[in-house]
Amino acid sequence: MSATETSPGRVIPDRLTGPAARVLRSWETLLVAVAVAIFTFNSFASPYFLDPWNLSDATFNFTEKAMIALAMALLVIAGEIDLSVGAIVALASTAMGYALQFGADTPLLVAIGLGVGLTCGAVNGLLVTRMGLPSIVVTIGTMSLFRGIAYIVLGDTAFNGYPESFAWFGQGYVAWVFSFELVLFAGLAALYAIVLHLTNFGRRLYAIGNNPTAAAFSGIRVERTRMALFLLTGLMSGIASICLTSRLGSTRPSIGTGMELEAITMVVLGGVAITGGSGSILGVVLAALIMGLVTFGLGLLNVPGIVMSIFVGGLLIAVIALPKLFLGGSRWRRSPSR
Amino acid sequence: MRKFLASCTILAVSLIGSAAMADQPVRIALLVKSLGNGFFEAANRGAQQAAKELGNVEIIYTGPTSTTAEGQIEIINALIAQKVDAIAISANDPNAVVPALKKAMQRGITVISWDSGVAPEGRQMHLSPSSNALIGQTIIKLAADELPEGGEVAVLSATSTSTNQNVWIGEMNKVKGNYPNIKVVTTVYGDDLADKSYRETQGLLQTYPDLKAIIAPTSVGIVAAAQAVSDAGKIGKVNVTGLGLPSEMAGAVESGASKSFAIWNPVDLGYSAAYLAYELAAKKAQATPGGKIPMGRMGTATLDQNREAAMAEPFKYDKSNIAEFKSVF
C-alpha cells in the first residue's frame, strides 16, 4: 500500500524527457546530421567540392528560393499557403524590364520590383481575407494570372540591357566569397527568426495555425495578421525577383518557373507542419542549405537533372518518413510552438 | 651520390607528373536545352563519335530538366567548379547565360555555342547548323534532283512576312539559273497552319495540272502538302519536298508523296560542336573573325565577323535513312 504512494518531496517531472534529450531529438538536430552527412559525402565524392569559390557559387542554387521560403514558412505556420510566388517573381521581373525600356535607373527598378511584389501579395491577401476564400485556391488562380500577364507583355521576347549597377544584387560580392545574395539571405533569416520566435506577432502565428477560431476569441486579429503575411510573402518574392533578374541580366516570362514548389519543399523539409501550427526558421534555413548542397553535389558528379529531382523527392520523403517509421511518431518531434 | 639520387628522384617524379598530365582527358561538356529530347540525344551520339575519333576526350552530356536559363546556370556553375576544359552550349536564353559563361571564360574554360546561340560576349564562337544561302540552295536542288527532265515547281511558304522563309526563298531564287529546266511558277502562303497549307496545296494542284514538285521550306507546310498530294491521288506525279522533321515526314516518305526532304542532322551537329570545342580547348585553333577551324569529317568551319560559322547544307532524308531518324526528332 505504502509503496504505491508518492513520497513527499519527490519532484514530479512536467516533461517526459530532459532538456538535453529534447535538443538531441529535435527536428533541427536531424537536419544538421543530414547536412553534415551530405557535406561529408560530397567532399569524398568530388575533389572539387571543398573549394571556397565553388561553395560560394553553389549558394546561388538556393538563396533566392530560400528568401521566399522564409516568408512561406510563416504563412504555412499560420495555416495558409501561397502558390503564386514563382509567378510574382516573373511579374515583378517583367515590370522592371518594362520600366527599363523607358530608361528607369537602378533605384527605380528596385522600387518597382518591391512594389509589384507587395501589390501581388495584397491581391492574394485581399482575396483570402475579405472574400474568405481558401488560400490554396486563390493562389492557384493568381499563379496563372500573374504569369499570364508576364506572357502577354513579353510573348517569346525578352527584356535585357539592365544597368551595370543593377547587376550587383545578383552578381556582386560583399567580402571575399560572400555574395550579396548570401549576406542578404543570412540577414533576412536572422530577422525572421527574431520575428517568429521572440515577438508577440510570431507567437500569434502559431496560435492562428493551431486553431484560428480560438485565436480570434483570444483577441488576435486573425484576418489582419493573415493579410500581413501575404504582403510579406509578396515582398520577399519581389526581393527574390530583383536578385534573380540581376543575376540573369535578362527577363523572360518563364523566369522563376517552379520556384513555389522548391520554396514549399524547403519549408516542409525544414520541419514546418504543412497543416500549420509548428515549425522554426532554423529548420527552414537548414533545409535550404541541404537542398543547395544536394543539388550542387549531384551537379559536380554530372548527375542528370531528372535523376536529381528524383533524389530531392526521395530525400524529402525519407527525412520526413524514416524517423516516424523507425522511432515511432512521438520521439522525433517537430519543433513545438515556442 | 646522394645529390644525384635526389635529382634522379625529382626528375622521375616530374616525368610521372607530366605523364599524368598528358593522360588527363580533355573534358568537354555538351550542355543542352533540356534532357529527354531526341534531338539532343542524337547530338550527344555525334559528340561521342567525335570523342572516339579524337581520342583522350571525355564528353559530359548534361542539361536541366526544364528548358530554363536558371537551370542551365546552375549546371554552368557546377561545370566551372569541376574545371572542365570546354563548354558547348545550346542556350535556353541568349542573354541570361552570359554572366555565368563569362565567368567560365575568365577561369580559362573554352566556351562555344551551337544550335541555339549565345550573345557574342558570352562565347568564343557559335556554330549554326546551316546558313540561309545553303538552305536556299538545298531546297531547289532537292526538287531538281528528282526532275531530270525539268518541269513546273511551286513554293508553299509560311506567312508572307516570315523572315526565315522569305530569306530562304530569296536565296533559292539567286541560284535558280543553275537549273534552266526548272520553272518556279508561283509562291503561295499556308501561314504555317495545317488546314490553310492543305487548301493552298489543293489550289496549286488544280491551277497547275502539270505541276511536278512542291517546295515547302516549313515543317508545317511540308506535312500538309504531302497529305494533300496523297489525298488527291497524285503520288508519283507531284513530289513534295522542302524542310521537315523526320518524325512527321516518315509517313509521306514511305508512301512516296515525298521522295526526299532536308533538315539539319543533329548527329553531325553534336559531332562538329564537340570537335570545335576540342580544337579550341587544346589550343590548336583560335576563334577569331575570319578564322578557319577544322571539324573532322564535316570539313572546316569559317568564322564570320561575329565569330559565327555554318556547319553544312541541310542533311537529306529519304527512304534510305528515314527509319533511323524518325524516332530521333
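Biologist: What is the mean pLDDT of chain A, and what percentage of its residues reach 70 or more?

Modeller: Chain A has a mean pLDDT of 87, and 88% of its residues reach 70 or more. The term pLDDT denotes the predictor's confidence in each residue, from 0 to 100. Residues are numbered from 1 along each chain as its sequence is written, and chains are lettered from A and ligands numbered from 1 in the order in which they are written.

Biologist: Which element of chain B has the lowest mean pLDDT?

Modeller: Chain B as a whole has a mean pLDDT of 86, with 93% of its residues at 70 or more. Among its elements, helix 1 (residues 2-23) of chain B has the lowest mean, 47, whereas strand 3 (residues 86-89) of chain B has the highest, 95. Over residues 8-21 of chain B the pLDDT is below 50, and beyond near neighbours in sequence the stretch has 0 contacts in the model. Where pLDDT is low, predicted coordinates should not be read in detail. Helices (H or I, at least four residues) and strands (E, at least two) are DSSP runs, numbered from the N terminus.

Biologist: At what angle do helix 13 and helix 14 of chain A pack?

Modeller: Helix 13 (residues 259-269) and helix 14 (residues 281-300) of chain A pack at about 120°, and their axes are 7 Å apart. Axes are lines fitted to C-alpha atoms, for helices over the stretch in contact, and angles run from 0 to 180 degrees between N-to-C directions.

Biologist: Why is helix 13 of chain A called oblique to helix 14 of chain A?

Modeller: Angles under 35 degrees count as roughly parallel, over 145 as roughly antiparallel, 65 to 115 as roughly perpendicular and the rest as oblique. The angle of about 120° therefore makes helix 13 of chain A oblique to helix 14 of chain A. The helices meet through residues including A:Met266 and A:Leu269 of helix 13 and A:Ala287 and A:Met291 of helix 14 of chain A.

Biologist: What is the handedness of the crossing of helix 13 and helix 14 of chain A?

Modeller: Helix 13 of chain A passes helix 14 of chain A in a right-handed crossing. A crossing is left-handed if the near helix is turned anticlockwise from the far one by less than a right angle, and right-handed if clockwise. In chain B, helix 8 and helix 9 cross in a left-handed manner.

Biologist: What makes helix 3 of chain B roughly parallel to helix 4 of chain B?

Modeller: These two helices of chain B pack at about 10°, with axes 9 Å apart, and that angle makes helix 3 of chain B roughly parallel to helix 4 of chain B. Their contact has 6 nonpolar, 1 polar and 1 charged residues. Here Ala, Val, Leu, Ile, Met, Phe, Trp, Tyr, Cys and Pro count as nonpolar, Asp, Glu, Lys and Arg as charged, and the others, Gly among them, as polar.

Biologist: How many residues does each chain give to the contact between chain A and chain B?

Modeller: Chain B gives 24 residues and chain A gives 26. Helix 3 of chain B supplies the largest share of the side of chain B that touches chain A, namely 8 residues. That side divides into 11 nonpolar, 10 polar and 3 charged residues. For the complex, the predictor gives an ipTM of 0.74 and a pTM of 0.76.

Definitions and conventions:
Predicted model: local features only at pLDDT ≥ 70, side-chain atom pairs only at ≥ 80, totals over all residues. Contact = placed C-beta atoms within 7 Å.
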